[in-house]
Structure formats: C-alpha cells, structure tokens
Amino acid sequence: MDRSYNKIEKYDLYRMTDNTTRLAVFCSGTGSNFQAIFYALKKKKLNAEIVLCLSNRSQCGAMEFARLNGIATLHLTEKQFTSFHEFAETMVWCLRAKRIDIIVLAGYMRKVPDAVVAAFPEKIINIHPALLPKFGGEGMYGMNVHSAVLDAGETESGATVHLVNEEYDKGRILLQQKVPVLPGDTPDTLAARVLECEHCLYPEALEQLLSKLHS
Ligand code: GRF
C-alpha cells in the first residue's frame, strides 16, 4: 500500500469534517486587539482558530506576535504589484487558499479592497475606537478620532464592532460599548480607556458572530 497517499487521504478527510472557523486577522500596528482575540479564543475554547495574520507592514508588533505564536504571516502591499487590481485579486486568492471563513480587522490601516469585500460578504468585521455612526469615515483613525470626540465636547465615547462594506465605517453595527469622557482627558488618556474596552468588546462580538455561524 502507498502509505503517503493514505496519509493525505486521512488529512483531507479530517479537514472536510472539521468545522473550526478559520480566521484571518489584518493588522498594521501593535496588534493588541489581535492578542486579545488570540487569548480569548483559547480561554473560552471557541471553535475558531487564527490561521493567518496579514499586514501591509512586515515588521509591526502584530506580525511579530504572529511569528512568535506559530501563526502564518503574509506581508501584502499594493507596492508589490503593478496594479491595484492585481493586488486585490492576489489578496482574494491567498485568503481562499488558506480557506478563510472570517476576516478580522484589528488596526489595519488600509481600506479593504472592494474585491475582497465582495468575496467575503458579511464575513469581515472591524473595531472602531468611537461610537459609530459618529466620528467615523475617511481620516477618522487613531488619535484623530479621540481629538474629534474631545473637540466636540462629548461626555462619552466608546468602541464599535461592525461589519465591513465598501464604505469606511458604514457596515452594520454588531456591538458597542460606551466609556466616559472624563474632565481633563487628552486624546492619549481617552485612547487608553477606549482601547481597554476594545479588548473585551472585540472577543465578545466575535464570539456572538461565531455562535450564529455554528447554530
Ligand atoms: C484600535 O484602536 C482600533 O480601534 C483601531 O486601531 C487600533 C488598533 O490597535 N481600528 P491595536 O493594534 O489592536 O493595538
């Protein structure tokens, strides 16, 4: 008997019957939300696994964390291609090759190509550091968001997990959590309070999405 063939057959059979949800996390920076999700999946024993970390920056904290934890990494930027179309199609191809079910944006500082959104309808989620629909849209990222919240004199801010569509921060809202804006807050202090809340909210939203997928 050809033993190597036998092994492949068993592996394929295992993959076909395995219903673990396969996640790709897209990051550009520190990756603290990526880490929060990674540890929450383990702690809560959720039926999902992060199988890919994709980034436009090869050396960011998120990619480093992925490498240290045996998660496949993919450095993909427009600059590597002669056209945006080729870049977007390659991204779709790679995600399909890794059999990705859900894409989790965790501090990915690029707009997800429309071709990817079309290939994964209602399967891409993002976390935004404010209470959408306020303080969202193009240019509303990082400290810009928190400065805008303070400039507007808001008494509360928070985080929003939403589905991703072709427009910045416009997809259906899945979950939100508020935090207070305190007297004397600076963009930095507000950002730290919101980020702490994100680390609980994002795993919770993902858990809810997974339970819908598995029900
Ligand atoms: C978070 O504030 C998130 O809301 C925004 O990008 C930041 C990512 O931070 N989308 P980290 O890389 O997860 O630490």
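Predicted model: local features only at pLDDT ≥ 70, side-chain atom pairs only at ≥ 80, totals over all residues.
Local features need pLDDT of at least 70, side-chain atom pairs count only at pLDDT 80 or more, and totals for chains, interfaces and linings use all residues. Numbering starts from 1 along each chain as its sequence is written, and side-chain values use heavy atoms, with hydrogens and water left out.

Start with the largest pocket. A pocket is an open set of points on a 1 Å grid over the protein atoms alone, where a 1.4 Å probe fits, with protein on both sides within 12 Å along at least five of seven lines; lining residues have an atom within 4 Å of a point. Its volume is about 920 Å³, taken as the space filled by probe spheres set on the points, which are joined across faces, edges and corners. The lining counts 39 residues, and Gly-107, Tyr-108, Met-109, Ile-127 and Tyr-141 lie nearest the centre. Where does the largest pocket lie? Domain 1 (21-121) and domain 2 (126-215) both give residues to its lining, so it lies between them. The domain bounds come from an automatic or database assignment.

Next, the salt bridges. The structure holds eight, each a side-chain nitrogen of Lys or Arg within 4 Å of a carboxyl oxygen of Asp or Glu. One joins Asp-114 to Lys-111, at 3.6 Å from N to O. Asp-114 sits in helix α5 (residues 114-119); helices are DSSP runs of H or I, at least four residues, and strands are runs of E, at least two. Asp-114 is partly exposed at 42% relative accessibility, and Lys-111 is partly exposed at 33%. The cut-offs are under 20% for buried, over 50% for exposed and in between for partly exposed, with a 1.4 Å probe and protein chains only.

Arg-172 pairs with Glu-122, again with 3.6 Å between the closest N and O atoms. This pair links distant parts of the chain, 50 residues apart: Arg-172 is in the loop between β6 and β7 (173-180), Glu-122 in the loop between α5 and β5.

Lys-178 and Glu-156 meet at 3.4 Å, N to O. Here strand β7 holds Lys-178 and strand β6 holds Glu-156, 22 residues apart. Lys-178 is exposed at 54%, whereas Glu-156 is partly exposed at 33%.

Strand β6 (residues 156-163) also contains Ser-157. Ser-157 is buried, because its relative accessible area is 1%. Its contacts (heavy atoms within 4.5 Å) include Pro-129, Val-149, Lys-178 and Leu-190, not counting residues up to four places away in sequence.
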